[in-house]
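Biologist: I would like to learn how to read a fold from its strands and helices. Could you take me through one, step by step?

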Amino acid sequence: MKFFQKEIQLKAQSRGFHLITDAILEAIPEIRAIKIGQMQVFIKHTSASLTINENADYTVRTDFESHFNKMIPENAPYYEHTYEGPDDMPAHIKASVLGASVLIPISNGKLNLGIWQGVYLCEHRNSGGSRKLVITAYGI
């Protein structure tokens, strides 16, 4: 069994949902040596998240942002954690709803995603800054 692990830092992104599949693949070309395996991508932050969804039509990403902002609003009167700004507590909740990692099969040296799937960085803060990912690929 082969194991590869890299930690990368993504440049700061604006609030929203951003495709990062290519950045992940550029960071870990070693997956080409794996015939059957898995890749886990983990984000080391509590106010941003990862998910897999539509990689072709950008309106899916803007709709995600619009929906999450209605579902988890800023300035809810019951939030106690408010000292980091009105976008902070909603960002933590959004990150927990979507999750801190994704797991993707590797088949014949490539990510085995569906034709319309890509990995999103979900930036939930107005000024979240750069984000660190740990990418772990393993298999035979």
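This is a predicted model: local features need pLDDT of at least 70, side-chain atom pairs count only at pLDDT 80 or more; totals for chains, interfaces and linings use all residues.

Biologist: Is strand 8 largely enclosed or largely open to the outside?

Modeller: To judge that, we count buried residues, and "buried" means under 20% relative accessible area. Strand 8 (residues 131-139) has nine residues, and because seven of them are buried, the strand is largely enclosed by the rest of the structure.

Biologist: Which residues does Lys-6 touch, not counting residues up to four places away in sequence?

Modeller: Leaving those out shows what the fold brings together. Lys-6 touches Ala-27, Ile-28, Pro-29 and Glu-30, along with Leu-133, Val-134 and Ile-135. With Glu-30 there is also a side-chain polar contact of 3.0 Å. For a sense of scale, the C-alpha atoms of Lys-6 and Asp-87 are separated by 30 Å, and these two residues are 81 apart along the chain.

Biologist: What is the order of the sheet of three strands?

Modeller: The order is 2-7-4, in an open sheet with antiparallel pairing. Strand 2 and strand 4 are its edge strands, each pairing on one side only. On average, neighbouring strands in this sheet are turned by 35° against each other, direction ignored. Strand 4 and strand 7 run antiparallel and share seven bridges; one example is Leu-50, whose bridge partner in strand 7 is Leu-121.

Biologist: Which strands of this sheet does helix 2 touch?

Modeller: Helix 2 packs on the sheet, touching strand 2, strand 4 and strand 7, and its direction makes about 150° with that of strand 2. Helix 3 also packs on the sheet and touches strand 2, strand 4 and strand 7, but the angle given for helix 3 is about 50°, taken with strand 4.

Biologist: At what angle do helix 2 and helix 3 pack?

Modeller: Two helices are described by an angle, a distance and a hand. Helix 2 (residues 58-71) and helix 3 (residues 88-98) pack at about 115°, with axes 11 Å apart, and their crossing is right-handed. Phe-68, Asn-69 and Met-71 make the contact from helix 2, and Lys-94, Val-97 and Leu-98 from helix 3. By type, these residues are four nonpolar, one polar and one charged.

Biologist: Which residues of helix 3 are buried?

Modeller: They are Asp-88, Pro-90, Ala-91, His-92, Lys-94, Ala-95 and Leu-98. An α-helix has 3.6 residues a turn, so residues three or four places apart point the same way. The cover over the buried residues of helix 3 includes strand 2 (16-19), strand 4 (48-54), helix 2 and strand 7. After helix 3 comes Gly-99, with a positive phi near 110°.

Biologist: To finish, is Glu-123 buried or exposed?

Modeller: Glu-123, found in strand 7 (residues 117-123), counts as buried because its relative accessibility is 0%. A polar atom of the Glu-123 side chain lies 3.0 Å from the backbone nitrogen of Arg-125. Beyond four places in sequence, Glu-123 has contacts including Arg-15, His-18, Glu-65 and Arg-131.

Note on methods
Residues are numbered from 1 along each chain as its sequence is written. Side-chain values use heavy atoms; hydrogens and water are left out. Axes are lines fitted to C-alpha atoms, for helices over the stretch in contact, and angles run from 0 to 180 degrees between N-to-C directions. Helices (H or I, at least four residues) and strands (E, at least two) are DSSP runs, numbered from the N terminus. A crossing is left-handed if the near helix is turned anticlockwise from the far one by less than a right angle, and right-handed if clockwise. Contact means heavy atoms within 4.5 Å. Ala, Val, Leu, Ile, Met, Phe, Trp, Tyr, Cys and Pro count as nonpolar, Asp, Glu, Lys and Arg as charged, and the others, Gly among them, as polar. Buried means under 20% relative accessible area, exposed over 50%, partly exposed in between (1.4 Å probe, protein chains only). A polar contact is a pair of N or O atoms within 3.5 Å; within protein, one must be able to donate a hydrogen and the other to accept it, and residues adjacent in sequence count only if both atoms are side-chain atoms. Two strands pair if DSSP finds at least two bridges between them.
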